[in-house]
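Thanks for coming, everyone. Please look at the structure on the screen, and I will walk you through its parts.

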Amino acid sequence: MSENRADVLILGGGLMGAATAFFLRQRGLSVILLERRLVGQQASGINFGNVRRQGRFLPQLPLANRSRAIWGRLPELLGEDVEFLPSGHLRVAYTPEAVATMESYRDGARPYGLDLELLSGNAVRARFPWLSPEVMAGSYSPHDGHANPRLAAPAFARAARRAGARIEEEAEVLTIEHESGGYRLNTADGRVWRAPVLQVSAGAWGGRIAARLGEPVPMVVRGPQMGVTEAVPYALLPVLGVTTKEIREVLYLRQVKRGNIVFGGTGHGPAELDAPPHRANPDITLHQFTQLRRMVPALGALRIIRTWSGIEGYMHDEIPVMGPSAKWPGLFYAFGFCGAGFQIGPGVGDVMAELIATGTTTTPIEPFHIGRFT
Amino acid sequence: MAAPRVIVVGAGPAGTRAAELLAAAGLRPTVVDEGRASGGQIYRRQPPGFRRDARTLYGTEAGRATALHATFDGLGPAIEYLPETLAWNIHGGALYVQREERARRLPFDALLIATGATDRMIPLPGWTLPGAFSLGAAQIALKAQACAIGSRVVFLGTGPLLYLVASQYVKAGAQVAAVLDTAPPGARWKGLPLMAARPALLAKGAVLIAQLMRAGVTMRRGVVPRRVLADAAGTRVAGVAIATPDGGEEVIACDAVGMGWHLRAESQLADLAGCAFDFDADSRQWLPRADEDGRASAPGIYLAGDSARILGADGAEIAGRLAALAVLKDLGLPAPPGQDVAALRRQRQVMDRFRRGLALAFPWPAGLVASLPDETLVCRCEAITAGALRQSATELDAPEMNRAKAFSRTGMGRCQGRFCGIAGAEIVAAARGVPVEVAGRLRGQAPVKPLPVAALADDASTLEST
């Protein structure tokens, strides 16, 4: 069955897999992507939609910068609009300790080319007058923003398909075998797939697959807690977040141009690999209300119309797994993005394609290597 | 042992009869009602200060309405009544409710859902114009406020409510320009054998139609509606355009239109409770699975009334009793004396036969919906057209409604697809050339209706347990 052979097989059709397929085609490699259900339906589709560099693990900033540059070119690259809006990103602090954290992060981020503007409470309110009096300071990242997660991964997959990639949905991989010259995968429909190179970008399921390939990783799955308000006039330009060590204060929100305000945070719910997604926990929804009102009191006049959850994979060290296998030639990983994969997704695809095609990458990704767990 | 916690959601015919029976069994059920007073939609009470008598408000059903109100009012402290309260979510064995700025978590051992139904709508071009109402809304205007929706009204759609509302308008002195039924002329005969299960009700329907005829109201069957027309300023309904046999168009002038194609079950709470759903081919909609007494597939969840099966008000009273008896049985409690489950089940079966007859006599015009023009606004909350929805199903390759929703935003607004979801599934199914059940149904997402961010949790400590 020679038609099921390609230079690269990608296991998992989330944003990472779809973007990798797209950029591999740009480099001229043939690629088949196998997705168990539909492209971009899990974490890639249900996440908050933050295109945020501010606050990331500093060694991840070169990758985040590369990704940010791609976000800016997306409509021309993909031929589709995924509603990327470089509206700025603002983190607020409620305590002097959080202000100190912000200052030290700003200093650390500067060498990476991420310039953050620290504003005092009054200065940040002068610029964003809807912020509450409780806000002690703000850290503003002018070139970050947000996009629509429901559209991004499917748009990458369609663009990859137009460029010649095979995107196979409803293709559940049952077995992965090594054979001479590469990898042999069997799907539930009885088809066989072969390639010298395999990339595992199976998100929350990545840990299970890595373990089957002899590289177990410490990983848990969790359900993000999301909600959205009715549409109101567009007023909250920057994406908002909080700098805090207290999970119950962690809140993020963004207003889309058509007016709805998407929010999440203050806790996680359970998630399971082999069960339908859980719904958002209403106790958390109600707690989010208190944090929404705390940050932007005027939000107390709105209503929410929908909540949702899903599944995300978190590594114990909060750092993703990305790069070549420590064990098998031709095997690559990109999973476990710890609820913060959306912004770097296009960059991950670009870097993985570069790595697979050239054997190296100009963007440092050593901290993410799976070998760190052995 | 603490008394079992039983919650009834809804205080219409099903909820009232269920609460009555549970109270008679010695429980003190909590009754959660979105309304200001019991009665539900069908037996909605008028606001304080209005003085129409029961006969004026409820017509031939006056006796049933007053009996039901009296029963509910007589329960008094035997139940905990929470009026003007939204049941917005179910999680971890608790119902989440909200009234004004107060949010409460109500743990339950049994939850009886009797949330009724709303109009099943077709998003005809022009359906969002001021002056275009659902049949239910046209009836509420009359019942609650003694107002007509216009001075010259067209009623369009199909189902018993079409004729009932039209006759209520005639009786109230409003001018009814026409009653336009999309059911083919022969459909009524197809439904007749099953509808004969309830001859008295069938006779009532015949009387309604005779009254409309006597009043000189134009009545048409087999109507193919094209659109609701606007006035010159584009700000108000000015007529309804229907197809003529020669391929032309006829306009019936009016300043308001009441539309509805029978009813759709309000089944979101059952969905949030994790109940399984099945596609009901007769009514061409997805309904929560329930046994003959109303036990849903999720433990502790019971369904009664139109939110489970559109049996109408009388059927809802029976289903409410049956579901309450099922609750008692499952909790190991004795039923109050004088309850004949077998007789109730037989009555329910008769009503279910009638229900299927109605579905045949007043069919949902799936073909009309599937062929709505591309520029038609299907999702009115998010302003999504039929063309955009079709594109998500074809170009973007969404195989079913939830994927089409993710791509197109259809069903993502305030109503969460309650009014466009059924029509949307027909459009997606037709665009993909698959049966409508393959296009699926929109999965329920909390809140059931918009929930104020101002809502404060009664018991903040509940979060600690999460």
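**Chains, domains and helix contacts**

Let me begin with residues 7-355 of chain A: their end C-alpha atoms lie 14 Å apart, and the span is 29% helix and 26% strand. Helices (H or I, at least four residues) and strands (E, at least two) are DSSP runs, numbered from the N terminus. Why that span? UniProt lists it, in an unreviewed entry, as "domain: FAD dependent oxidoreductase". UniProt positions are in the numbering used here, feature names are shortened, and annotations may be inferred rather than shown by experiment.

Some ground rules. This is a predicted model: local features need pLDDT of at least 70, side-chain atom pairs count only at pLDDT 80 or more, and totals for chains, interfaces and linings use all residues. Residues are numbered from 1 along each chain as its sequence is written, while chains are lettered from A and ligands numbered from 1 in the order in which they are written.

Stay with chain A. It is divided into domain 1 (2-49 + 150-218 + 316-373) and domain 2 (89-142 + 224-310). Those bounds come from an automatic or database domain assignment. The C-alpha centres of the two domains lie 30 Å apart. Their contact takes 10 residues from domain 1 of chain A and nine residues from domain 2 of chain A. Contact here means C-beta atoms, placed from the backbone, within 7 Å. On the domain 1 side there are five nonpolar, four polar and one charged residue. The classes are simple: Ala, Val, Leu, Ile, Met, Phe, Trp, Tyr, Cys and Pro are nonpolar, Asp, Glu, Lys and Arg are charged, and the others, Gly among them, are polar.

Now the two chains together. 27 residues of chain A are in contact with 26 residues of chain B. Which element gives the largest share of chain A's side? That is α8(A), with eight residues. By class, chain A's side has 13 nonpolar, seven polar and seven charged residues.

On to chain B. It is divided into domain 1 (6-118 + 264-358), domain 2 (121-261) and domain 3 (366-432). Taken over C-alpha atoms, 28 Å separate the centres of domain 1 and domain 2 of chain B. Here 17 residues from domain 1 of chain B meet 15 residues from domain 2 of chain B. Helix α10 (residues 341-361) of chain B gives the largest share of the domain 1 side, seven residues.

Follow α10(B). It packs with helix α6 (residues 187-195) of chain B at about 175 degrees, with the axes 7 Å apart. Axes are lines fitted to C-alpha atoms, for helices over the stretch in contact, and angles run from 0 to 180 degrees between N-to-C directions. So α6(B) and α10(B) are roughly antiparallel. For the cut-offs, under 35 degrees is roughly parallel, over 145 roughly antiparallel, 65 to 115 roughly perpendicular, and the rest oblique. The residues of this contact divide into eight nonpolar, two polar and four charged.

One more pair. The axes of helix α1 (residues 13-24) and helix α3 (residues 62-75) of chain B come within 10 Å and cross at roughly 40 degrees. That makes α1(B) oblique to α3(B). P13(B) and T16(B) are among the α1(B) residues in the contact, and L68(B) and F72(B) are among those in α3(B). The contact holds six nonpolar, two polar and one charged residue.

Key
Two residues are in contact if their C-beta atoms, placed from the backbone, lie within 7 Å.
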